[in-house]
Amino acid sequence: MREKVFYYLKRYAVLCVGLLIMAFGVAFSIKAGLGTSPISSLPYVVSILVEPLSVGTATIIMHCVFILLQIILLRRKYQWIQLIQLPVAIVFGYLTDFGVWAIDSIPVPNYFVQWVLCIVGVILVGIGVSFEVTANVVTLAGEGLILAICKVTPIKFPTMKVIFDVALVIIAVVVSLIFLRRVEGVREGTLAAAIFTGLTAKVVNIPMKKFADKFLALPETS
């Protein structure tokens, strides 16, 4: 019993590290000013529209909506254990705000530095995603909603992931154009994040799988 508790503690520790890395990745993307990742584009626009609202708080609200949509879509098939996505979303939201605060003083004097910060953000988000996948205890609400949609439609996860990200970016653009009269949070960096975050995660998954096999294996029961 003790070994199994320790097993889950290690996996949740890996998840928390992944959330921290991912949150700093989002913070670097915001600092770069070249557009955030697709999943963060809408919360970023909302945080600009509602000034007292931080990006992290807007992210938490968005994840709560995603959880509610999962319940509506799956109804009786919804597994209530998935509500653990809520505390994970809250932790991720506050970590994002912490990341934004922590790197606020970094100077951004020119376009080159913007791209350096953007690349750092993309890499960190990719690494964070790899940690989340390796932990294998709970998905973020965004991925949870995609899985829920896949369960009630014939669409496969990779295709639905692309549709989902594109939809978020389109909504962010439309909302910013309607209320701000300009596009915010969606630029060339958003495209870079959409292309290279997954590739980074795939590369990091190789050593992370070895790490999981060695340190995160389920203890043998006699």
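## Thr197 and its helix

Thr197 touches Val122, Val125, Gly126 and Ala192, not counting residues up to four places away in sequence. Contact here means heavy atoms within 4.5 Å. Thr197 is found in helix α8. Thr197 is buried, at a relative accessible area of 13%. The classes are buried under 20% relative accessible area, exposed over 50%, and partly exposed in between, with a 1.4 Å probe and protein chains only.

## Model and conventions

This is a predicted model, where local features need pLDDT of at least 70, side-chain atom pairs count only at pLDDT 80 or more, and totals for chains, interfaces and linings use all residues. Residues are numbered from 1 along each chain as its sequence is written, and side-chain values use heavy atoms, with hydrogens and water left out.

## Overall fold

The protein chain has eight helices and zero strands. Its elements run α-α-α-α-α-α-α-α from the N terminus on. The radius of gyration is 18 Å, close to the 17 Å that the globule rule gives for 222 residues, so the protein chain is as compact as a globular protein of that length. That radius is taken over C-alpha atoms, and the rule is 2.2 Å times the number of residues to the power 0.38. Helices (H or I, at least four residues) and strands (E, at least two) are DSSP runs, numbered from the N terminus.

The C-alpha trace spans about 65 × 40 × 30 Å along its principal axes. Contacts between residues at least 6 apart in sequence were sorted by separation: 77% join residues at least 24 apart.

## Surface and charge

Of the 222 residues, 44% count as buried. The protein chain exposes about 12500 Å², and carbon and sulfur atoms supply 71% of that area. Areas come from the Shrake-Rupley method with a 1.4 Å probe; for residues, only the protein chains shown count as cover.

There are 18 positive and 11 negative charges, and their mean positions are 9 Å apart. Lys and Arg count as positive, Asp and Glu as negative; His and the chain ends are not counted. Each charge is placed at NZ of Lys, CZ of Arg, CG of Asp or CD of Glu.

## Nonpolar cores

The largest nonpolar core has 22 residues. Leu15, Leu19, Val88 and Phe92 have the most contacts inside it. At least two residues each come from α1 (2-32), α4 (85-102), α5 (111-135) and α8 (188-215). Helix α1 gives the most, with eight residues. A core is a set of buried Ala, Val, Leu, Ile, Met, Phe, Trp, Tyr and Cys residues joined through side-chain atoms within 4.5 Å.

Leaving aside neighbours within four places in sequence, Phe92 is in contact with Leu19, Met22, Ala23, Val26 and Thr59. A second, separate core of 20 residues includes Phe66, Tyr78, Cys150 and Met160.

## Ala58 in α3

Ala58 lies in helix α3. At 5% relative accessibility, Ala58 counts as buried. Beyond its neighbours within four places in sequence, Ala58 is in contact with Pro43, Val46 and Leu53. Ala58 and Leu199 are 141 residues apart along the chain, and their C-alpha atoms are separated by 27 Å.

## Positive phi in two loops

Most residues other than glycine have a negative phi. Arg75 has phi near 50 degrees, a positive value. Arg75 sits in the loop between α3 (55-74) and α4. Arg75 is exposed, with a relative accessible area of 64%.

Asn136 has a positive phi of about 55 degrees. Asn136 lies in the loop between α5 and α6 (141-152). Asn136 is exposed, with a relative accessible area of 61%.
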